[in-house]
Amino acid sequence: MSNTTREPQTFSAESYFETQPQPPSLVADIEGIHEFIQRQRQANRSIVLVTSGGTTVPLELNVVRFLDNFSAGTRGATSAEYFLKAGYAVIFMHRQFSLQPFSRHYSHSTNPFLNFLDIDAALPSSSTIDSAFPYSNDPPPTTPTPQITVTTAERAKLFSVLRAYKAVHAQGTLHMVSFVTVNEYLWLLRAISREMSVLGRKAMYYLAAAVSDFFLPQQRLSEHKIQSGKGNLSIEMDQVPKILKPLVSEWNPEGFIVSFKLETDETILIPKAQQALERYGHQVVIGNDLHHRKYRVVLISPVAQADATKKPDGVLVSQPKYAEFWIEIDSHQPSNHPKEIEEDIIEELLKRHNAWIEGS
Ligand code: 9Z3
């Protein structure tokens, strides 16, 4: 990285993939995806690619520091469950260690599963606490291992999560693949989209990952940890190419594509979502504002202009170019059985995807 001013570089999707390195794991990842798609096609299932979590932008080749994008992966992991429930096969392309379908209910930070387990054995008194720890030089605990049970209050919820999880595993309808950097994300998205193109209209893309807008090309990364002590650090980043464009026009023009638009200023949400549709020509943009994203979203989609209606006097009334469809749920949800907005989002998208498959 240098402090000298330079001409900003513009990357098209094409020049990006020509100059930025292919991740070493890509070939193996795509083999797994290929097999998964073949299996689901034989079972005549629709497949949705769900992207989830935030991408990083490394600042060094031997990476110590990186920029990150906000997302816990809640939207993607929750949505994946509702797609699976509806009979879709899901490719869950997520940020490593972000939330995942099913296990998200027992996130280590908000709902650690160890709290729900009871152990049928005498616990050591506080004066002999060290005897309770497994990683000492003591011999292993006595056999048979004491009974471990789930606390009564948690049993019903755990049962329903576990039952769905086991059913999905038995059916083999969930395939996981992970990324960390924006580079890994872009390479994976391109390769998976191309693989999915064999599905034609039965392929859906649900792009909920929070993707970096700026990055540092590999050629400009410093090899080692950037040293402090030289005063300020200025980093000039290049723009990540707009990847929706080739996805819509080249990689799978038949696919049903849903992207997300995140804003913190709600007043620009709709114009920005419309701008994305105008630019890329896909099917739906889901607008969400950071602070209300769990309770309110808006689906923006193009209106077929042939729908323009004639008034009785023969005057042609031009239709708005884009339709808004708001989904809102109560922000005060019971903690034991909260309604999730993703349930309603997916219900609406499934109707639209069906219409898309039928060609309307
Ligand atoms: C979203 O807007 C997601 O809904 C969230 C989900 C990231 C807000 P969480 O996982 O958050 O529930 O914590 N994703 C898309 C964000 C994004 O990067 N959009 C780009 C943009 O706004 C377009 S691809 O320009």
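A: Phe102 lies in the loop between β4 (89–95) and β5 (117–119). Strands here are DSSP runs of E with at least two residues, helices are runs of H or I with at least four, and both are numbered from the N terminus. This is a predicted model: local features need pLDDT of at least 70 and side-chain atom pairs count only at pLDDT 80 or more, while totals for chains, interfaces and linings use all residues. Residues are numbered from 1 along each chain as its sequence is written.

Phe102 is not a glycine, yet its phi is positive, near 70°. It is partly exposed, because 19 other C-beta atoms lie within 10 Å. The cut-offs use C-beta atoms placed from the backbone: 20 or more others within 10 Å means buried, 12 or fewer means exposed, and partly exposed is in between.

Asn44 also has a positive phi, about 60°, and is not a glycine. Asn44 sits in the loop between α2 (26–42) and β1. It counts as exposed because it has 7 C-beta neighbours inside 10 Å.

Next, the pairing of β8. Two strands pair if DSSP finds at least two bridges between them. β1 (residues 47–52) runs parallel to β8, with 5 bridges between them. There, Thr51 has Leu207 as its bridge partner. β11 is parallel to β8 as well, joined by 4 bridges. Met204 stands opposite Phe256 of β11.

15 residues surround the ligand, with Ser71, Thr74, Arg75, Phe260 and Leu262 the closest. A residue is near a molecule or strand if its C-beta atom, placed from the backbone, lies within 6 Å of it. Two elements give two or more residues to this shell: α3 (74–85) and β11 (256–263). The largest share, 4 residues, comes from β11. By type, the shell holds 7 nonpolar, 5 polar and 3 charged residues. Nonpolar means Ala, Val, Leu, Ile, Met, Phe, Trp, Tyr, Cys and Pro; charged means Asp, Glu, Lys and Arg; the others, Gly among them, are polar.

Last, the record. An unreviewed UniProt entry places the feature "domain: DNA/pantothenate metabolism flavoprotein C-terminal" at residues 199–293. Over residues 199–293 the chain is 21% helix and 24% strand, and the end C-alpha atoms are 31 Å apart.

Note on methods:
UniProt positions renumbered as here; feature names shortened; annotations may be inferred.
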